[in-house]
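Hi,

Here is the structure I said I would pass on to you. Have a look at it first, and then read my notes below.

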Amino acid sequence: MSAQPNVLLLVPPGWGGLWQAPLSLGGLKVFAHGVDAYDAATIDYAVSFRPPPGLLKTLPKLKAVFSLGAGVDGFLMDPDFPKHVPLVRFVDVTLSREMAQYAAMHVLMQHRTVQFFAAAQAEGKWRQRMLPRATDETRVGILGLGEIGTVCAQRIREHGFAMSGWSRTRKTVDGVKSYAGAGELDAFLSGCDFLVCVLPLTADTRHVLNAAAFAKLPKGAYVINIARGGHVNEPDLIAALDSGHLSGATLDVFETEPLPEASPIWKHPRIIATPHVAAITSPGAAARSVIDGIAAIERGEAPRNVVDMRRGY
Ligand code: NDP
Ligand code: OXD
């Protein structure tokens, strides 16, 4: 690196310290937006998850933008995002592994009827029962067989479930039946006792989980959304749960975050809700990937994991 690149860190108040130290270790001059004074005309790179809309376009020298997350909808929802600037997303084995842990944990909790046994314990009752369905006859479908979805499919498959996945293009993943494109979505959905959503949020995938999609799932199916709240039409989900068509749902992400206190999701008896924690970016790993990406650009090379602006992911 010739000169010390100037990096603007755009994170919520109080979070800057987590990122500033590991980024500075890479020889970068880091300015935390809202904390440090900086000259917009000197900023070379921006690092963020959801930057304030309109801010990035005020940085005239910007060479690249780095996402602290795998999902980049927080950038592309800004109509003023400077689309000529490369947007680099975060791809990390630990992030994928933790997403897969979360997905597998919720499939297993429902499959092994944890809530039934917890209720029996609360009553002090010895209530043995068989599994509602044999593991190899229980079908788990992954919406989005990308970096994270593929690891989810592999890890859940190790428990003996019958796996399938849906993506834009056909995939070859050992032991996972591949469905591709809008034309195969209904066939995919009709074979999912558990549905795990790990899609990126784009114009094509917004509200992909709506009343029509829920109706295609077999009666008693269980939905797990760990991607973005915008994938699920929340009133349609609640209606499908209340009608008894769906047996339950685990939601880690919501249309509005934080989930408003008045949301019916909080108290729904058949929803498990967590506050967008299925996996949390490690500051050390993210800083290393930003430092490597900047070093590549400064050498005149393309960084890895650049978002395709036409696809939106
Ligand atoms: P990738 O880009 O690696 O994978 C995306 C997958 O979705 C690909 O298989 C792609 O198909 C498929 N896809 C995209 N659009 C469509 C479409 N219109 N129809 C069918 N398939 C489609 O993303 P990651 O796996 O890295 O991340 C997925 C998402 O997970 C992120 O965007 C983020 O929203 C979410 N996430 C949530 C976290 C949390 O804590 N809750 C943490 C980390 C990520 P193809 O391969 O054919 O292009
Ligand atoms: C991500 C997230 O996209 O944490 O990485 O949501």
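This is a predicted model: local features need pLDDT of at least 70, side-chain atom pairs count only at pLDDT 80 or more; totals for chains, interfaces and linings use all residues.

Now for the overall build. If you draw a box around the C-alpha atoms along the principal axes, it is roughly 65 × 40 × 30 Å.

As for the inside, 50% of the 313 residues count as buried. Take the contacts between residues at least 6 apart in sequence: 58% of them join residues that are at least 24 apart. On the charge side, there are 31 positive and 29 negative side chains, and the centres of these two sets lie 4 Å apart.

Ser178 sits in strand β8, which covers residues 176–180. Is Ser178 buried or exposed? Its relative accessibility is 14%, so Ser178 counts as buried, because the cut-off for buried is under 20%. Skipping the neighbours within four places in sequence, Ser178 touches Gly165, Arg170, Lys171 and Glu184. With Lys171 you can look at the atoms themselves: a polar atom of the Ser178 side chain is 3.0 Å from the backbone nitrogen of Lys171.

Next, go to the loop between β11 (246–251) and β12 (271–273), where you will find Pro258. The peptide bond leading from Glu257 to Pro258 is cis, and its omega is near -5°.

Which residues other than glycine have a positive phi? Two to look at are His207, with phi near 55°, and Asn305, with phi near 65°. His207 is in the loop between β9 (194–197) and α7 (211–216), while Asn305 belongs to the segment after α9 (283–298). Relative accessibility is 27% for His207, so His207 counts as partly exposed. Asn305 is partly exposed as well, with a relative accessible area of 30%.

Cheers

Terms used. Residues are numbered from 1 along each chain as its sequence is written. Chains are lettered from A and ligands numbered from 1 in the order in which they are written. Side-chain values use heavy atoms; hydrogens and water are left out. Buried means under 20% relative accessible area, exposed over 50%, partly exposed in between (1.4 Å probe, protein chains only). Contact means heavy atoms within 4.5 Å. Lys and Arg count as positive and Asp and Glu as negative; His and the chain ends are not counted. The place of a charge is taken as NZ of Lys, CZ of Arg, CG of Asp or CD of Glu. Helices (H or I, at least four residues) and strands (E, at least two) are DSSP runs, numbered from the N terminus. A polar contact is a pair of N or O atoms within 3.5 Å; within protein, one must be able to donate a hydrogen and the other to accept it, and residues adjacent in sequence count only if both atoms are side-chain atoms.
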